[in-house]
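Please read it with the structure open.

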Amino acid sequence: MNKEKITVSIMGCGWLGFPLATFLLDKGFAIKGSTTTPDKMPVMSDHGIEPFLISISPEINQDFESAFFDSEVLILNIPPSRKQLEIVTTYPALIEEVLKIADDTPVQKILFVSSTSVYPNLNRKVNEEEAGGELSASGEALLKAEQILQNQQRFEVSILRFCGLFDSERNPGRFLAGKYLDSNGSDKVNLIHQDDCINIISEILKQSAWGEVFNACADQHPEKEHFYSKATASIGLEAPRFNETAPSAYKEVDSSKLKKKLNYTFIYPDPEAVIDKS
């Protein structure tokens, strides 16, 4: 694969998609990016990203420009919206809409950014074969979307299941600061740094790792109470409180397959070390 001749379309240029786009530009890819916010389009253009205004809910906006799909690779980075009702049905319909539009275009490969919410809490390590069971609405919606993508025959598809996303500026502690959580503080944390997300996607493109399902989660899984107490303290906020009598309800996401298949070493294998440096 000659990466200098490849155009990648990134649907969803937000917290992850935008820095991913600029990273891939630096690697020699031509990048098209979509946003739902008109004000972001000049910023994208200034960074070398060809911008497109696209909204799918689940029907695509009628004035969208089909040139967005004039690419070899389509990265779908559009997680289910917590504000959207009936996401278990509307989100899979959104993915079906994208596939219908992309069918008669140059797109050959699709990378779907999914989530480890497709795994139930089994109180142990989980691998790529264990999706399904008792899930949240967003987890169920994502799993249905994955199945739609895996069952179609038109595109080569890989699925990348990220756990909780963070970086040095997006401190995970601020989401839980001062809250009482009806969960056990000894449950494990699953997180991945933005830099690792971007580098893993780049490696999938570089190595043509298609037809795969990958977990992507940092190697270390600290306990919730310990980690979030440290995370909130690092930004001067009150630590969350946990229910120590609550039964354990967690999973420990195993990324062994990704590390072996892509020969990948995590930049930030220990989320706690990032908090210590912030």
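1. Start with a backbone detail. Asn123 sits in the loop between β5 (109–115) and β6 (125–126); helices (H or I, at least four residues) and strands (E, at least two) are DSSP runs, numbered from the N terminus. Its phi is near 60°, a positive value in a residue other than glycine. At 34% relative accessibility, Asn123 counts as partly exposed. The classes are buried under 20% relative accessible area, exposed over 50%, and partly exposed in between (1.4 Å probe, protein chains only).

2. A word on the basis. This is a predicted model, in which local features need pLDDT of at least 70, side-chain atom pairs count only at pLDDT 80 or more, and totals for chains, interfaces and linings use all residues. Residues are numbered from 1 along each chain as its sequence is written, and side-chain values use heavy atoms, with hydrogens and water left out.

3. Two further backbone points. Asn263 has a phi near 55°, again a positive value in a residue other than glycine. Asn263 lies in the loop between α7 (256–261) and α8 (271–277) and is exposed, with a relative accessible area of 68%. The peptide bond from Ser57 to Pro58 is cis, with omega near -10°. Pro58 belongs to the loop between β3 and β4. For context, most residues other than glycine have a negative phi, and most peptide bonds are trans.

4. Now the sheet around β2. Five of the six residues of β2 (residues 30–35) are buried, so this strand is largely enclosed by the rest of the structure. β2 runs parallel to β1 (residues 7–11), with five bridges between them; two strands pair if DSSP finds at least two bridges between them. Val8 has Ile31 as its bridge partner in β2. From β1 the chain passes through helix α1 (residues 17–26) to β2, in a right-handed β-α-β crossover. Right-handed means that, with the strands pointing away from the viewer, the path from the first strand over the helix to the second runs clockwise.

5. The other neighbour of interest is β3. Four bridges link β2 to β3 (residues 50–53), and the two run parallel. β2, helix α2 (residues 40–46) and β3 form a right-handed β-α-β unit.

6. Look at Thr35 in β2. Thr35 is buried, with a relative accessible area of 6%. Its bridge partner in β3 is Leu53. Beyond four places in sequence, Thr35 touches Lys40, Met41, Met44, Phe52, Leu53 and Ile54, where contact means heavy atoms within 4.5 Å. Thr35 and Ser55 are 20 residues apart in sequence and 7.5 Å apart in space, C-alpha to C-alpha.

7. On packing: the largest nonpolar core has 70 residues, and Val8, Met11, Ile75, Ile95, Leu160 and Ile200 touch the most other members. Helix α3 (residues 87–102) gives the largest share, eight residues. A second, separate core of ten residues includes Val189, Leu191, Phe227 and Phe242. A nonpolar core here is a set of buried Ala, Val, Leu, Ile, Met, Phe, Trp, Tyr and Cys residues joined through side-chain atoms within 4.5 Å.

8. Check the cysteines. The structure holds zero disulfides, a disulfide being a pair of cysteine sulfur atoms within 2.5 Å. Cys197 is in none, and its nearest cysteine sulfur, that of Cys163, is 7.5 Å away. The sulfur of Cys217 is 3.1 Å from the closest cysteine sulfur, in Cys163, too far for a bond. Cys197 is buried at 0% relative accessibility, and Cys217 is buried at 1%.

9. Two buried asparagines deserve a look. Asn190, in the loop between β9 (180–181) and β10 (191–193), is buried at 15% relative accessibility. Its side chain reaches the backbone oxygen of Lys251 at 2.6 Å. Among the residues that Asn190 touches are Cys163, Cys217 and His221. Asn215, in strand β11 (residues 213–216), is buried with a relative accessible area of 0%. A polar contact of 2.5 Å joins the side chains of Asn215 and Tyr119. Such a contact is a pair of N or O atoms within 3.5 Å; within protein, one must be able to donate a hydrogen and the other to accept it, and residues adjacent in sequence count only if both atoms are side-chain atoms.
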